[in-house]
Amino acid sequence: MGLVIGVGNTKPTFPYDYYYGVKINTNVVDTTLERVGRAELHASLPVQSQMRRCLLNDNGEVVTYLHATDSTKTDTGATADLTGASGMVMVEIPEHYRKFEFDGNNILALISQYALPGFHKVRKVYRSAYEATVDRTTSTLKLASVVNTTAAFRGGDNTSGWDETYRSLLGRPAANISLTNFRSYARNRGAAGLNDKGWNCDLYEAAINTYWLFVIEYANLNCQAAFTSELDANGYKQGGLGNGVTTLDGTKWNNFNGYNPFVPCGITNSLGNATGVVTYTMPEEYDSTTTTVSVPSYRGIENPFGHVWSWTDGLHVMVQSDADGAKSFLYRADNDAPNNFQDSNYNGYSQRGELPRASGWVKEMLCGEYGDILPKENGGSSTTYFADYFYTIIPSSGVSLRGVYFGGRANSGASAGLADSHTMDAPSLAHTHIGSRLCFIPAA
């Protein structure tokens, strides 16, 4: 007999059945899912409820947690310094346990606070509360997650001539940086943590964690479903995160600021750790007609999709030409170990599955034992099956090593989402509509 967690008027609750999750029938078009596991956990959400914003110093130590309902304050109510002087503004994604079960057309995605039989450990990781900018205070550039409108933290493509104009990049996320350089700038922050490389740019494992925590919390594969703060009749979350910053006209955006980021970092601070949406009004120079976008935050992670793409580390995609194998494969860094991350070859990476050969709406994810969020099969739509889009292109000859960026951009519309993935470019690509996030992996 195991440890009794709680005893009620019915049967005792034991650790071995203390889990909750969703059932995905890959033949069903509806994105809303059946909840499985202990019903009360879908209301209390013991894993997701531990996600919270904090200030993390360069040694990877929590300086302070931020106030649950107002990130401009610490958890004691004091004014919080979000400029970077006291640490990076991060979201702590707690250690938990996860399991995927496969039975015919059904996939069970399950999580627990406990190390249940068959569940694998999901280590604690910190993911930036904001899309990352770059600290340019010294010649050693450092990736940062801050609210700072000084020139030292200018975002976008670092155009200084715009500082006092409607298209100022002060206080915006950084962009026009390659995956290779994003990785380097993150590691310039300090060499603490796993394999002496605790600081990283956006991590594939953090993207996976965010995706499955959302899917299980909302029992919905469509993160762009309309946002509502109202619970359903059972006291469960419903809906999604709304459109996100995805509804701009591409031509107008280009004319406005050359596809650079425009939403200020920290605009969702008023939400604290809560999930919600904040409205941002575009400058009139974008369009003479008042234009607003809806900025989502998922449990403290601002703009988890949309606005600008996010270069993501810890995975490669191999795309063979039709004459050189006619296959495409996902490769994931072994053990998600940062010392394996590089852009030259597949050493230190393991093949995780075969990908579609054409762009399209995702009908089924690879998933597998560890929940990979690239597609196994296309054939869905923006409101059916997995409701996210996959971008790829086949080389005319040879074999291409591609990086992956996630999330979509400000004019992506319905194709954006938590698992919207782009596999068409080498890790050396830099563009004004591609940014990244800052992540930290604590020491094992």
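Two notes on method. This is a predicted model, in which local features need pLDDT of at least 70 and side-chain atom pairs count only at pLDDT 80 or more, while totals for chains, interfaces and linings use all residues. Residues are numbered from 1 along each chain as its sequence is written, and side-chain values use heavy atoms, with hydrogens and water left out.

Now the terms. The search runs on a 1 Å grid over the protein atoms alone; a pocket is an open set of points with protein on both sides within 12 Å along at least five of seven lines, a cavity is a set where a 1.4 Å probe fits but cannot get out, and lining residues have an atom within 4 Å of a point. Points are joined across faces, edges and corners, and volume is the space filled by probe spheres set on them.

The largest pocket has a volume of about 500 Å³. It is lined by 22 residues, with Lys 121, Arg 123, Glu 205, Asn 335 and Asp 336 closest to its centre. Strand β9 (120-122) gives the most to this lining, 3 residues. Elements here are DSSP runs numbered from the N terminus: helices are H or I of at least four residues, strands E of at least two. By class, the pocket lining has 10 charged, 8 nonpolar and 4 polar residues. Charged means Asp, Glu, Lys and Arg; nonpolar means Ala, Val, Leu, Ile, Met, Phe, Trp, Tyr, Cys and Pro; the others, Gly among them, are polar.

How many cavities of 30 Å³ or more are there? The search of the whole structure finds 2. The largest cavity holds about 150 Å³. Among its 21 lining residues, Arg 127, Pro 304, Ser 310, Phe 406 and Arg 437 lie nearest the centre. Its lining divides into 10 nonpolar, 7 polar and 4 charged residues. The second largest cavity has about 40 Å³, and its lining includes Tyr 166, Arg 167, Phe 256 and Tyr 280.

Last, Arg 402, in strand β23 (residues 399-406). Arg 402 is buried, meaning under 20% relative accessible area with a 1.4 Å probe, protein chains only.

Definitions and conventions:
Buried means under 20% relative accessible area, exposed over 50%, partly exposed in between (1.4 Å probe, protein chains only). Lys and Arg count as positive and Asp and Glu as negative; His and the chain ends are not counted. A salt bridge is a side-chain nitrogen of Lys or Arg within 4 Å of a carboxyl oxygen of Asp or Glu.
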